[in-house]
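Reader: Could you walk me through how to read the cavities in a model like this one?

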Amino acid sequence: MARVIVAGVAVVDFVFNVDDMPVRPEKYRAKDAMIVGGGCAANAAVAIARLGGDAVLAARLGEDQMADLILADLQRENVDIEFVHQAKGGCSSFSSIYVDAAGERQIMNFRGSGLTRETDWLEEVPQADAILADNRWPDGAAKMMEIARKRGIPGIIDGEDPIDLESLTNASHVAFSRQGLVALTGENDLAKALKMLESNLPSWLCVTDGLAGVYFLQNGKIEHIPAFKVDVKDTLGAGDIWHGAFALCLAEGAAEPDAIEFANAAAAIKCTQYGGRSGCPDRLTTKIFLKEITQCS
Ligand SMILES: Nc1ncnc2c1ncn2[C@@H]1O[C@H](COP(=O)(O)OP(=O)(O)OP(=O)(O)O)[C@@H](O)[C@H]1O
Ligand SMILES: [Mg+2]
């Protein structure tokens, strides 16, 4: 079984379904509510575990009730949490999310406080076949990419806005989101934006563009792999699931275009269900989806 270490953010979201967005300082009643685990790295780790990989999460939490909730959920998903750092007196990150009848979201995010700024502990991560890092903690991401390079394994960055170029220098692969790439380059044409970075970064580069699929640079040429058309119910966490699936395929030795195809499938299936990462499919479901789609085309 291929092992992927995923470094970055793990959070918990308190989601309230309301008729109208709260705008006044008074008491409101929710129609429905749920507690959903989230965070780029945690979502990707869940995807890797569900898709048949060995997922080790390297995240920073506090020693609080939120951390208990986050960790219990990850354990249920078979994510290895031995390597999660819990800072004494620290507060873990959580969000309160209102979703109105039209599906619009209002998010109040607390990024946590008192979390460790040290990166030395990351040196001790176990042997693995790939490392994936989100860039919400640039120093941590940079350290993880340094470790991947030293160990000679793929080091993949999920390039979300804002991007610190330092954290990308040792990455073998950077998979940007549209927002991340446009913010970094100031260029709205994604193909041009990738080309702009080609000479500045030594890494293999791609960008995910939601329903428009994925653009990537292969031998100096821009290539495109479309997303799968599905009945979309919820895109929350699609990018994280995509990155988890992509990293797992690289860890297993797949070529990048095949990894993109597989990740597009896993993310598309996720979009067909409500509930963020809880809609992430397992390996068999993803394989059957790909087989049926190929047979139909
Ligand atoms: N509506 C959709 N239908 C089918 N596939 C989708 C859809 N939205 C996303 N995907 C798949 O998921 C991949 C990643 O999505 P996207 O580019 O939106 O990530 P993102 O911008 O990082 O967003 P986030 O991390 O907030 O989910 C896409 O390249 C595509 O393969
Ligand atoms: Mg994303």
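**Reading the cavities**

Author: By class, seven nonpolar, two polar and one charged residues make up the lining of the largest cavity. Here Ala, Val, Leu, Ile, Met, Phe, Trp, Tyr, Cys and Pro count as nonpolar, Asp, Glu, Lys and Arg as charged, and the others, Gly among them, as polar. This is a predicted model, where local features need pLDDT of at least 70, side-chain atom pairs count only at pLDDT 80 or more, and totals for chains, interfaces and linings use all residues. Residues are numbered from 1 along each chain as its sequence is written, and side-chain values use heavy atoms, without hydrogens and water.

Reader: How many cavities of 30 Å³ or more does the structure hold?

Author: A cavity is a set of points, on a 1 Å grid over the protein atoms alone, where a 1.4 Å probe fits but cannot get out; lining residues have an atom within 4 Å of a point. Points are joined across faces, edges and corners, and a volume is the space filled by probe spheres set on them. The structure holds two of 30 Å³ or more, and the largest has a volume of about 50 Å³.

Reader: Which residues line the largest cavity?

Author: Ala7, Gly8, Ala58, Leu122, Ala133, Asp134, Trp137, Gly140, Ala141 and Met144. Strand E1 (3-8), strand E8 (130-134) and helix H3 (138-151) each give two or more of the lining residues. Helices (H or I, at least four residues) and strands (E, at least two) are DSSP runs, numbered from the N terminus. The largest share, three residues, is from H3.

Reader: And what lines the second largest cavity?

Author: That one, about 40 Å³ in volume, is lined by residues including Val6, Cys40, Asp158 and His243. Helix H1 (40-50) and E8 each give two or more residues to its lining. By class, the lining has six nonpolar, one polar and two charged residues.

Notes: Chains lettered and ligands numbered in written order. 1 Å grid on protein atoms, 1.4 Å probe; cavity = no way out; pocket = protein on both sides within 12 Å on 5 of 7 lines; lining within 4 Å.
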